[in-house]
Amino acid sequence: MRKISISVLTLILLVTAALAGCGSKGSETTGSTGSAKEIEQTLTANLGGEPYTLDPAFASDATSWWVIDHLYEGLYEYDEKGKLAEGAASEVTVSEDGKTYTFTIRDDAKWSNGDSLTAGDFEYAWKRVLNPETAAYDPSSLYYIKGAEEYNTGKGSADDVGVKAQDDHTLIVELKTPIKFFPTVLMGRAYLPVNQKVVDGNEDWAAEAEGIVSNGAYTITSWKHNEELTIEKNDHFWNKDKITMGSVKFKMVADAQTEYQMFKSGELDLVKAIPAEAVDQEKNSEEYVNSPSYAVYTYSFNVEEEPFTNAKVRQAFSYAIDREAITKNITRGGEKPAYGYVAYGVDAPSGKDFRDEAAPYYSFDIDIAKELLAEGMKEEGWSELPEVTLKYNSEGDHKKIAEALQEMFKQNLGVEAKLENQEWKTYIDTFKQKNFQMARMGWIGDFLDPYPVLNLYSTKSSSNFTNYSNPEFDKILQDSLVEQDDAKRFEMLHQAEEMLMTDMPIIPIYFQAQNSLVRKGIEGVHFHVLNIPNLRYAKVVSN
């Protein structure tokens, strides 16, 4: 067995994390270290809405993840510099064939109620996600593990899953095939532990503050639904002495302009995403932070709902979008028009960014858009296009973008699209139920590799809400997973992306950037290319 080098894992995770054109590094930390003794270490931020859930098994959105990431800790964590480090695991060894991982759980790792964190908590949590009766959000993210897919799809048993607690401190994980980037896969929320005694004892344990028991840097102390949520440092956390921020109060204000005004009036210490119209005004402010994000803003099609059952119709809608106009006139925060799906930030074996290796898959071309629409309608025998409705969530600038798309489809295709909006928690349910024709969504990679974001649209992916299925696409992705030659693997991933952009179950709109504000006097807020702002190591150094 060999011990994993965290420095090697860090290179895997952070290699070339800069988004082209953003002028920022792969991560940003506000301020510098300074003394914060005698100043209350509390910070107020805004979630933008009620978390969908604080149960890691069901969380699917950035709103929930921001809180969850501060409540729970997996086998690995991001440290104060944004680098991958051992979390609940104090030591990791890997077999020579790369298929068996042995994790040693820290002796001093505990839950917020004082219970010891055990290897059994991880085994229980992972098998709970895989249990088909749980109906968890993302069980397919555990399919790297031997027997996981079979159990989740009803073709195997929990006993056959390659995760076993040998004793309280030893967790053994067997993979189907050696996966070079498996340690970074473990940063996914589906891999977080839960306390079996708590979960089995109360079906609604995660619905209220008093029911939640966490093992991370914070514990939840107050939850006024749709209003405010407070987390405080977990006294039982093994690494509590390094956690500098004592408490965080999360507001739940949906309107971006109201959130911005709350910051300006001193009611908020941090705004994760400022309104587009405020970017120019704030760019020269010392409180402004621009950071890259390995993420893409999209509209998803339900390919089983007319008129988007036809690939040419889907392509027509893509060609009808002026992405430059959206990024220049609406978002205005360093976003880049997306002419492919995989965002900037992945260094390919060639030395180029993965995105730069591929030519644009489409463009803004009204003539081509009209031609494709006519061809698609002819193939379906439609003399008139079925009615189209665009769905989006109400928060932030999504309304402005939806209205811009509505106008583009009208002017460039002659299509009168209707708009329908919902607040976030309701919208998530609508999206998961596939109750849409065309709906706003965005995805951020779990780690810096094209595979996980492309795999969202594989047939077996539990995050594929488009009903899209292409066996050839699935096969290329599966072959790339076991390919050990990186150059060949990236070639396969380019083939998969080309296929996805031809079939077009989703329309990429732009590659995201994060434009934030952090109040002067607060240092150490870490903005990671793959992570929601990490507040653990922030400090209030002046009021």
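Mentor: Before we start, contact here means heavy atoms within 4.5 Å. And keep in mind that this is a predicted model.

Trainee: Okay, then T134. Leaving aside its neighbours within four places in sequence, what is T134 in contact with?

Mentor: With those neighbours set aside, T134 is in contact with F58 and R128.

Trainee: And where does T134 lie?

Mentor: In the loop between α3 (119–130) and α4 (148–152).

Trainee: Buried or exposed, T134?

Mentor: Buried means under 20% relative accessible area. T134 comes in at 18% relative accessibility, so it counts as buried.

Trainee: Which residues in α12 are buried?

Mentor: A369, L372, L373, G376 and M377. Looking down the axis of α12, its buried residues fall within an arc of 130°, so they line one face of the helix.

Trainee: What's exposed on the other side of α12?

Mentor: D367 and K378 are exposed there.

Trainee: And what do the buried residues of α12 pack against?

Mentor: Two helices, α9 (311–319) and α13 (398–413).

Trainee: Which residues lie nearest the centre of the largest cavity?

Mentor: A62, K272, A273, H398 and Q512, out of 48 lining residues. Among the elements that give two or more residues to that lining are α2 (62–71), β14 (288–301), α13 and β19 (506–518).

Trainee: How does the lining of the largest cavity divide into nonpolar, polar and charged?

Mentor: It's 25 nonpolar, 16 polar and 7 charged.

Trainee: What about the largest pocket, how much space lies in it?

Mentor: About 710 Å³. It's lined by 36 residues, and the closest to its centre are D138, S140, S141, N455 and S461.

Trainee: Which elements give two or more residues to the lining of the largest pocket?

Mentor: β18 (438–444), α15 (450–454) and α16 (471–482). Of these, α16 gives the most, with 4 residues.

Trainee: And how do the residues of that pocket lining divide?

Mentor: For the largest pocket it's 19 nonpolar, 10 polar and 7 charged.

Terms used:
Residues numbered from 1 in each chain as written. Predicted model: local features only at pLDDT ≥ 70, side-chain atom pairs only at ≥ 80, totals over all residues. Heavy atoms only, no water. 1 Å grid on protein atoms, 1.4 Å probe; cavity = no way out; pocket = protein on both sides within 12 Å on 5 of 7 lines; lining within 4 Å. Points joined across faces, edges and corners; volume = space filled by probe spheres on them. Nonpolar A, V, L, I, M, F, W, Y, C, P; charged D, E, K, R; others polar. Buried < 20%, exposed > 50% of the residue type's maximum accessible area, 1.4 Å probe, protein only. Arc of directions from axis to C-beta.
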